[in-house]
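Let's take a friendly walk through a protein model together.

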Amino acid sequence: MKDIKNIYCVGRNYALHAKELNNEIPTSPFLFSKPTHSLVEANGQSITLPSNQGSVHFETELVIHIAKQFESGMKVDEIVDSMAIGLDLTLRDVQSQLKQKQHPWLLAKGFKNSAVVSDFIPFPGVEACEQLDFSLLKNGERVQVGNIKDLLFDLQTIIEFTAEHFGLGKGDIIFTGTPSGVGPLSDQDQLSLNWGGNEIGSCSVTMR
């Protein structure tokens with residue numbers, strides 16, 4: 001796997017996903033981060049997830065890898081060198097409790113193995129990316145499909161916002177948001193991460 005520095009995630013970046021969780025649609029990018037300990041590659045192995053903290057939901061996303069230090073005026077195709085399909089795994093019951101208390105989401109979003117990524121493949125450019133869908137198959141059934149054309153905040157906006165507020169440099173990755181269709185995982189689920197209909201990552205789930 002690439003040497004990953006910071007893991008940024010964009011929340012509520014597809015309108016239908018915001019609505020399915022009864023969240024307001026944001027008027028500016030909504031970001032959170034995950035610890036590097038949460039990162040795991042989907043290379044065919046079994047991934048262990050907690051079984052004693054309520055429901056674990058999958059959220060399938062296009063993940064971009066930053067190639068160099070961001071400088072003002074840089075375009076997406078200059079600064080992104082590769083991409084992956086990722087799962088932003090979420091302890092949904094824990095997240096709901098944290099929301100009620102108006103607490104940060106780290107306990108729900110930052111647990112070990114909560115940032116699943118496929119192999120990184122060369123980034124073909126924004127225009128080419130918009131021609132293909134990404135999807136998740138669970139036990140052979142397609143449960144989520146998305147296209148970055150439907151992002152509320154496009155890749156350029158996300159990159160500029162992240163750089164301005166947090167800094168953005170070589171080795172950082174950004175989970176760019178999940179479409180509608182999120183749902184729970186169960187023990188022994190088989191997951192296939194797909195780009196344009198081709199599998200580029202896979203794993204199984206062990207709930208422990």
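Predicted model: local features only at pLDDT ≥ 70, side-chain atom pairs only at ≥ 80, totals over all residues.

Residues are numbered from 1 along each chain as its sequence is written, and side-chain values use heavy atoms, with hydrogens and water left out.

Strands of a sheet pair through backbone hydrogen bonds, either parallel or antiparallel. Here, 3 strands make an open sheet, in the order β8-β5-β14, with antiparallel pairing. β8 (90–91) and β14 (183–184) are the edge strands; each has a single partner strand, so one side of each has no neighbour in the sheet. Strands are DSSP runs of E with at least two residues, helices are runs of H or I with at least four residues, and both are numbered from the N terminus. Two strands pair if DSSP finds at least two bridges between them.

Strand β5 (residues 56–58) is joined to β8 in the antiparallel sense by 2 bridges. Look for histidine 57: its bridge partner in β8 is threonine 90.

## A network of charges

How many salt bridges does the structure hold? There are 4 of them, a salt bridge being a side-chain nitrogen of Lys or Arg within 4 Å of a carboxyl oxygen of Asp or Glu.

| Pair | Distance, N to O |
|---|---|
| Glutamate 59 and arginine 92 | 2.8 Å |
| Lysine 109 and glutamate 59 | 3.4 Å |
| Lysine 109 and aspartate 88 | 2.8 Å |

Start with the salt bridge between glutamate 59 and arginine 92. Glutamate 59 sits in the loop between β5 and β6 (60–66) and arginine 92 in helix α3 (residues 92–101), so this pair ties together parts 33 residues apart in sequence. Are these two side chains buried or exposed? Glutamate 59 has 4% relative accessibility and counts as buried, and arginine 92, at 8%, counts as buried too. The cut-offs are simple: buried means under 20% relative accessible area, exposed means over 50%, and partly exposed is in between (1.4 Å probe, protein chains only).

Next comes the salt bridge between lysine 109 and glutamate 59. This pair links distant parts of the chain, with lysine 109 in helix α4 (residues 106–109) and glutamate 59 in the loop between β5 and β6, 50 residues apart. Lysine 109 also forms a salt bridge with aspartate 88. That link reaches from helix α4 to strand β7 (residues 80–88), with lysine 109 and aspartate 88 lying 21 residues apart. Lysine 109 and aspartate 88 are both buried. Through shared partners, salt bridges join Lys34, Glu59, Asp88, Arg92 and Lys109 into one network.

## Rings and a charge

The structure holds 3 aromatic pairs. One of them is the tilted pair of phenylalanine 30 and tryptophan 105, at 5.3 Å centre to centre with 55° between the planes. Phenylalanine 30 belongs to strand β2 (residues 30–34) and tryptophan 105 to the loop between α3 and α4, so the pair ties together parts 75 residues apart in sequence. Rings of Phe, Tyr and Trp (its six-membered ring) pair if their centres lie within 6.5 Å; planes under 30 degrees apart count as stacked, over 60 as edge-to-face and the rest as tilted.

Phenylalanine 30 is partly exposed, with 28% relative accessibility, whereas tryptophan 105 is buried at 16%. Phe30, Phe32 and Trp105 form one aromatic cluster. Arginine 12 lies over the face of phenylalanine 30, 4.7 Å from the ring centre; a charge sits over a ring if NZ of Lys or CZ of Arg is within 6 Å of the ring centre and within 35 degrees of the ring normal.

## Glutamine 95

Back in helix α3 you will find glutamine 95. Glutamine 95 is buried, with a relative accessible area of 3%. Leaving aside neighbours within four places in sequence, glutamine 95 is in contact (heavy atoms within 4.5 Å) with Thr90, Trp105, Ala108 and Lys109.

## Strand β16

In strand β16 (residues 198–207), 7 of the 10 residues are buried, so the strand is largely enclosed by the rest of the structure. Strand β4 (residues 43–49) runs parallel to β16, joined by 5 bridges, and asparagine 43 stands opposite serine 202. Strand β15 (residues 190–195) runs antiparallel to β16, joined by 6 bridges.
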